[in-house]
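Subject: Structure for you, with notes on its helices

Hi,

Here is the structure I promised. Please open it alongside this email; my notes follow below.

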Amino acid sequence: MHTEFLMGNEAIALGALAAGVNVVAGYPGTPSTEVLETVARRRSQDVYVEWSINEKAAMEVAAGAAYSGARALVTCKQVGLNVASDPLMSLEYIGVKGGLVVMVADDPGPISSQTEQDTRTFAQFSKLPCFDPSSVAEAYEMVQDAFELSERLGTPVFFRATTRVDHGYESIQVADEEEWLHNDPEGFVRDPSRWVIFPRLSVVNHAKIEARNAQLSDELSDYRRNFVLPETDGAPRKGIATHGINYAYVRENLGEDDHVRVLRVATPHPFPERLAVEFLQDLDEVLCVEELDPVLERALTYVCGKHDLPVRIRGKLTGDIAPSGENTVESVGAAIDAFLGVDRQELPAPAMPTLPVRPPVLCAGCPHRASFYAVKKAMKGRKTIYCGDIGCYTLGNAAPLDMVDTCLCMGAGINIAQGVFHTEPDTSCFAFVGDSTFFASGITGTINAFYNQADMTLVVLDNSTTAMTGHQPHPGTGRTMMGEVVQKVSIEAILRAIGLTVVETVDPLDLELAVQTVRRVADEPGVKAIIFKSPCVVLARPQAHSHVDGERCVGCQRCVRELGCPALVPTDGKVVIDESLCSGCTLCEQVCPFGAIGGGRRIDMELPQAGGRA
Amino acid sequence: MSTNIILCGVGGQGTILASKLIASAAMARDIPVKTAETIGMAQRGGSVFSHVRLGEGIASPLMARGTADLILAFEPAEAVRQLAFLKPGGRVVVSSRPVVPVSSMTGGPAYDLEALMGYLHAQVGERLVVVDSDAAAADLGSAKCLNVVLLGAAARTGALGLSTDDLLAAIHGRLPERLWDLNERALSYA
């Protein structure tokens, strides 16, 4: 063993490696991404790792590996689980041979997600056992427990953590590589009665799963990570039930003399019912301190009814805990004080000056800015809808671009544009999709729109990487997480193979050409595509910076008002360029009506080599 | 004995590396460390913060408002945004250089540097250290080591509970050798 300062996600990865994981597959998404990246960085030679095309593919790769006796790990964020849910729901009925852990990162807040869905609830729905760690150190150990349980019971198992555990850091004790378990997979053993799902098999296995979960609830009541905190003294009348990072917030707030009994639940499903009954004995009231869904609150309410316990269960459903959003040390403290009847001293905050707001913005020199601007300029005065999608380019919604009318989930923009077309055919319908999102879930949507005779323009924003989550490779990049340089999958070739006849690849930083191309392509009938190709500025090294000629700049600020580039700074009635941010993309040079900006140099459309990760 | 530190700034300014250097320096002295970072969409020019907690008996990586011994701010407006975390008697080390967001130029709330600095002076008084980061960048020949300049200033206030030597050792452990000289000068820049 040795000590390392680790991010929660790194600890989960090292825990999986220590548990002898053989195959790891996932799709990037905040706050889950670093798990798979750490596996790739720290793995021993015989561990296979991939960024899959999407979470469904990742789940199926992991299932095949686990059928063959491998220990397998899937990583994704909570909305990624929705994509993986089709294979997973069935996989629970079929079961696994090698341990299969589905690591899902939930995002209370949400800080970087579309939804505040709770994988604990998904565990109840899908009937999978679920682990929920409270700290980085615990995440490291608990993921090993998850593999053991999965393999022993032959079921996939959820390991869900939330942002503050995933992205928290701690100095913790971890095993040396020589201490890692080594799992030698037996290989796939042919047995259609086991591996082929049919209704008859499903009804039999359904009954087995229900029986197993009832038995597992009892077993988990003795699991050392489900516990009731020892009481200091006296006979408390009040209790707190909590989970995950909220356990840390509860501990930060409870004093020695609070005389409160605390239940910490590490396995929300199956719920440790016997332990809960012990916890509830002689209590009058319980406050459930939870984030996302009121899972513990509902479970305890059920337990009280079932066991005829006269305990009032409070939490989100009773308005004692906020129904949405992230909890904090203060919000939990305030809820506990109110629950215990303690007067809270709130110091009046002194009046603050007005603060600037800082929503995330497209980087200086981001090629997406040029793409959005070109379409905006080309379609000015026309009736349009701009369907956006998931990625950095969702930020095209902000002023001054204001070019994202809809955003729902990965790949949805293409068929939303199609749906708008079928309802109002006189609208020019555009769908913007990034390269990684196109591979993940844009291809079937494009076929659907094409075959069903839609009239719309697909704009692929190809920056040759998965930028938002930290530049992961995808099938268009020509490299894999195993470090191989492989044949790229061409987006243009896919679109032509579907049958699109108008597919134009353009450098969006060539503004005039980009605008002309949009005008021409938008007026073609049917489904047609523009691929705006220019590498992510974070990966491409700037060739030169633009600068403003102070003599020629008249201070009209058209560049600032139309582009909103963070490198363009209004100063003393004119505009100066912040060289530390400018990538020399030249877009502002092409927009300036007075030719006052020069010196930039466009980055080439292709990255110089297959690998580009800094 | 525990120390709570908030690092705050704008995505891309290097707050995460600074919090890692503090963590390394503390670990080298066998002090337990817990931190929480902003990672993800906010990194694209948004407000970012790290909570760094050093010492025994800490449960949560996030601290409560009114409990920070030190706020290390890479940007004046971000110092004001996080000031509610400062405990009475706590210190603030702030870079003088504003980063004006696009929103302030396109119709959002204006960036009023004078009001922000005035507020910091009024609230924090003599426990405020303002680092002239433009001068530091000019003198050091690089703006990329602002995080280490601020760390050095913080260490010299004593509120970090770590010395510049502790931080220098952490720099040697975490950064490639070609950056040692620049960062050593940044650390002792005053």
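Let me start in chain B. Here B:V148, B:L151, B:G152, B:A155 and B:R156 of helix α6(B) touch B:T164, B:L167 and B:I171 of helix α7(B). By class, that contact holds 5 nonpolar, 2 polar and 1 charged residues. Bear in mind that this is a predicted model. Helix α6(B) covers residues 146-157 and α7(B) covers residues 164-174. Their axes lie 9 Å apart, at an angle of about 150°. Angles over 145 degrees count as roughly antiparallel, so α6(B) is roughly antiparallel to α7(B).

Now chain A, and another helix pair. Helix α14 (residues 367-378) and helix α19 (residues 511-522) of chain A have axes that come within 8 Å. They cross at roughly 55°, so α14(A) and α19(A) are oblique to each other. The crossing is right-handed. From α14(A), the residues in contact are A:Y373, A:A374, A:V375, A:K377 and A:A378. They meet A:L511, A:A514, A:V515, A:V518 and A:R519 of α19(A). This contact has 8 nonpolar residues, 2 charged ones and no polar ones.

- Helix α13(A), residues 329-340, has 12 residues and should span 16 Å at 1.5 Å a residue; its end C-alpha atoms are 16 Å apart, which agrees. Its buried residues are A:V329, A:E330, A:V332, A:G333, A:A335, A:I336, A:D337 and A:F339. Their cover includes β10 (238-242), α10 (244-253), β12 (285-289) and β13 (312-314) of chain A. Just after α13(A), A:G341 has a positive phi of about 75°.
- Buried here are A:A412, A:G413, A:I414, A:A417, A:Q418, A:V420 and A:F421. These pack against β14 (384-387), β15 (428-434), α17 (443-451) and β16 (456-462) of chain A.

Beyond its neighbours within four places in sequence, A:D145 is in contact with A:F131, A:Y223, A:R224 and A:R225.

Best wishes

Conventions
Residues numbered from 1 in each chain as written. Chains lettered and ligands numbered in written order. Predicted model: local features only at pLDDT ≥ 70, side-chain atom pairs only at ≥ 80, totals over all residues. Heavy atoms only, no water. Axes fitted to C-alpha atoms, helices over the stretch in contact; angles between N-to-C directions. Helix = DSSP H or I, 4+ residues; strand = E, 2+ residues; numbered from the N terminus. Parallel < 35°, antiparallel > 145°, perpendicular 65-115°, else oblique. Left-handed = near helix turned anticlockwise from the far one by under 90°. Contact = heavy atoms within 4.5 Å. Nonpolar A, V, L, I, M, F, W, Y, C, P; charged D, E, K, R; others polar. Buried < 20%, exposed > 50% of the residue type's maximum accessible area, 1.4 Å probe, protein only. Expected span 1.5 Å × (residues − 1).
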